[in-house]
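Please look through the structure below with this briefing beside it.

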Amino acid sequence: MGTRGGGLYVGRRVAAVGAALLLALLVTVLALAALYGRCRQEAATPPPSPRAPGPAAPPPPAPAASSVRRLPRHLLPLHYDLELWPRVRPGQTGPFAFTGQVNITVRCLQDTDTAVLHSAGLRIRGAAAVRGPRSEPGAAVEVAGLRQEEADEVAVLELRGRLRAGHRYVLQLGFQGRLEEDLDGLFLTRYTDRGQSRMFIASQMEPTYARRVYPCFDEPAMKATFNIRIIHDPSYVALSNMPAIDVSEVKDENGSLWTVTTFNTSLKMSTYLTAFVICDFDYVTRTERGNEIRIWARKEAVKNGYVDYALNITGPIFSFLEDILNVSYPLPKTDLVALPDFGAGGMENWGLMIFQEASLMNLPSDKFTSRKAMIALIVSHELGHQWFGNLVTMNWWNDLWLNEGLASYFEYLGATFVEPKLSLDKIFYAHVVQPVLREDSEIARSLSESEDKIKGSFSLMSLFDNITYSKGASITWMLSGFLTEKLFIRALTSYLKEFSFSNANQDDLWTHIQMVVDAQDEVQLPAPVKQIMDSWTCQNGFPVLTLNLTTGTIRQEQFFNKNNRKRTDSYNNTWIVPISWMRNGSSQPLTWLDKSSKMFPEMQVSESEHDWILLNVNLSGYYRVNYDQLNLKRLARLLENDPKAIPAVSRFQLIDDVFALADFGYVPIETALELTKYLAREDELFIWNVVLLNLIPDNLESTLKNHEVYPLLKVLFVKMLMLWKMTILLKCIWKNSWQQRAGWASKTVWTCHLNCMLSGGTTLSTSKNGDLLLENPLSN
């Protein structure tokens, strides 16, 4: 084959050999970069506790195939007297078990001859009893039988008499269960500290694992108070939600001595927040506004100061949240426990928060690092739950976002309060909004589901996802933006005070926001708060706004992948959209799109190249924007001449939006590449990260995001973008990275291109017939 335009065609076999050599070189470079980054990370990371040898943990129980059985509302729990006795001694090899006794005071709301409560994987010991009514001393209702329905995870007490509405009774049950190493319910884990094999016992109750530890009314709206006592080996310390008020001794049936730790009466709370830890950890402590804060960890970790940073920020975040919300933290103490093995990053149990070690530890010699930022974010999230989730809890799991979305929002406010070096808007958009926008376009579920959709335990667990956490936080951010933070916080304070120690649904939140809006005249909304917000929480996905500058018309539709659309697909959702916008660098008053299409005469532009419009300034709304070609050309030219004329977050948004639009078939890839020409003048790392995310396959992204590699990448991309014949090659890279995400083709194109740019030589692309084309971009 001959030459064309200064290029040389070569056969596939020859090109493949050369490409393989280049690929090998790149893989080596990337492996070294990754190894270097890993070595730096390990050098800056406190050593984790190795797991001690022991039997492998059993696999977690399979999700129940049947529906989640809601308990009848005949009985309302008021108080639990709970005793737990894990039969574990140091050095014991297993199997392990625990026993217990629970006495539950209930109020009968409707006459009934059965008592139904949750129990899963437990064996009832002895005879169950029902005492009462409490108004008649010594009275009892005979239990005819007890039936455990494992599929529905309930225990049914069948009674010979009836419980009468308006009276109080006490349900008494002894129980025992297996103590597994599966990180759910009450579990045991082995680890090594100072070269010695040790073990601890801890709990994880959310969402429905409390029923595996003790018989209970295991629904979030069935709140009660708790008196807890734990019997344990004397060499361990026991922790629970409240402070210990007594430590005594007891002998078992063999005459062996055990320690009994009794805790103060808890506040009214849901069963999923009850917590227990039995360990031989050490702690560091400080007091903040009367709140005793202790951070517990392995003795070696405490001695080396690995949890000092977490201790230093916990109190200030508590105070920040108390001040901003104007609601005091109601407990006298807070324990944070760093476990060598834990299934979640953190768990917000009231008064006894539990974390993975990595979520709380760093080297005390470190200056500000990404690890400190991560610790600040995780601690702040769990502290936010002390108000959103613990003080006020969602009625049912379908509104889980009221817990997790609001806690995720305040997570970033609290973290940036204690670490001002963090840029709130940049990290929020890069780590919350942008990732969930990518995910939300592919997931067919709304933020708030109807209760009847939450049926199986699998669907319940699936709610703990980025939609609940990050979309919830993003919607909250948008809400705070168009209300103003002052009104939003005022509404949250009212909501928290109204539903303290109780439960709420999202309509309750909308009601309190509406009350605050109605009491002032500064902020005017186009519709009731419920109507606005339900359009975001009760519908799948999110909109894309398309702006026509000639007519000033904005049209909205659900953002979806047009490349994969089927004829039967329906995308008819409409949102009430707050539009923050800018014209020629000047911010304009907030406006609203409350129908599928609307004309905004103020957004019509002149023929001047310097007349441009920017929507969704600083990504204040949860949507994407699609501009017409006229505005895109003007924005691209503006970026090349003066990139700082557009705020950094909006530059981030422009690039991410246009690549997402190209990927989903709204615009050609050339349109996206046009907006990258200015990158020679871009100095914001988080914007370069989003460029890499859109241009590089997933398997290379984590390595190439390394801060150490960033200067080299910037040189590489600047050089790349200065070459006038790069469009065809970048199109090939883009197609492979978005559509294939793996395989020889994308690696070869990227490898040959990268090698070429580093050396300043030729590039490799493909011809129409599939041959590989080696080009010298400077030859013409």
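In the predicted model shown here, A97 has R178 in β9 as its bridge partner. That pair belongs to the antiparallel pairing of strand β3 (residues 97-108) with strand β9 (residues 168-178), which extends over 11 bridges. Residues are numbered from 1 along each chain as its sequence is written, and side-chain values use heavy atoms, with hydrogens and water left out. Because this is a predicted model, local features need pLDDT of at least 70 and side-chain atom pairs count only at pLDDT 80 or more, while totals for chains, interfaces and linings use all residues.

**Paired strands**

- Strands of a sheet pair through backbone hydrogen bonds, and they do so either parallel or antiparallel.
- Two strands are said to pair here if DSSP finds at least two bridges between them, and the strands (E, at least two residues) and helices (H or I, at least four residues) are themselves DSSP runs, numbered from the N terminus.
- Strand β9 is also joined to strand β5 (residues 123-131), with 6 bridges in an antiparallel arrangement, and within this pairing R125 has G174 of β9 as its partner.
- Strands β10 and β11 (residues 196-204) run antiparallel and are joined by 9 bridges, with L186 partnered by S203 in β11.

**An open sheet and its helices**

- An open sheet is built from 5 strands in the order β17-β18-β19-β21-β20, and its pairing is mixed.
- The edges of this sheet are β17 (282-288) and β20, each of which has a single partner strand, so one side of each is left without a neighbour in the sheet.
- Strand β17 runs antiparallel to strand β18 (residues 291-297) and is joined to it by 7 bridges, and R286 stands opposite I293 in β18.
- Helix α3 (residues 308-325) lies across β17, β18, β19 (333-339) and β21 (352-356), and runs at about 30° to β17, where angles run from 0 to 180 degrees between N-to-C directions and the axes are lines fitted to C-alpha atoms, for helices over the stretch in contact (heavy atoms within 4.5 Å).
- Helix α4 lies across β20 and β21, and runs at about 150° to β21.

**The second largest pocket**

- Among the 30 residues that line the second largest pocket, A344, G345, G346, E382 and Y469 are the closest to its centre.
- Helix α4 gives the most to the lining of this pocket, with 5 residues.
- A pocket is an open set of points on a 1 Å grid over the protein atoms alone, where a 1.4 Å probe fits and protein lies on both sides within 12 Å along at least five of seven lines, and its lining residues have an atom within 4 Å of a point.

**Buried places**

- All 9 of the 9 residues of strand β10 (residues 185-193) are buried (under 20% relative accessible area, with a 1.4 Å probe and protein chains only), so this strand is largely enclosed by the rest of the structure.
- Helix α15 (residues 685-695) has 10 of its 11 residues buried, so α15 is also largely enclosed by the rest of the structure, and the buried residues include F686, W688 and L695.
- F559 is placed in the loop between β25 (553-558) and β26 (577-583), and at 3% relative accessibility F559 counts as buried.
- Leaving aside residues up to four places away in sequence, F559 touches several residues, among them S441, F542, R624 and Y666.
- The C-alpha atoms of F559 and Y623 are separated by 8.4 Å, although these residues are 64 residues apart along the chain.

Key: Buried means under 20% relative accessible area, exposed over 50%, partly exposed in between (1.4 Å probe, protein chains only).
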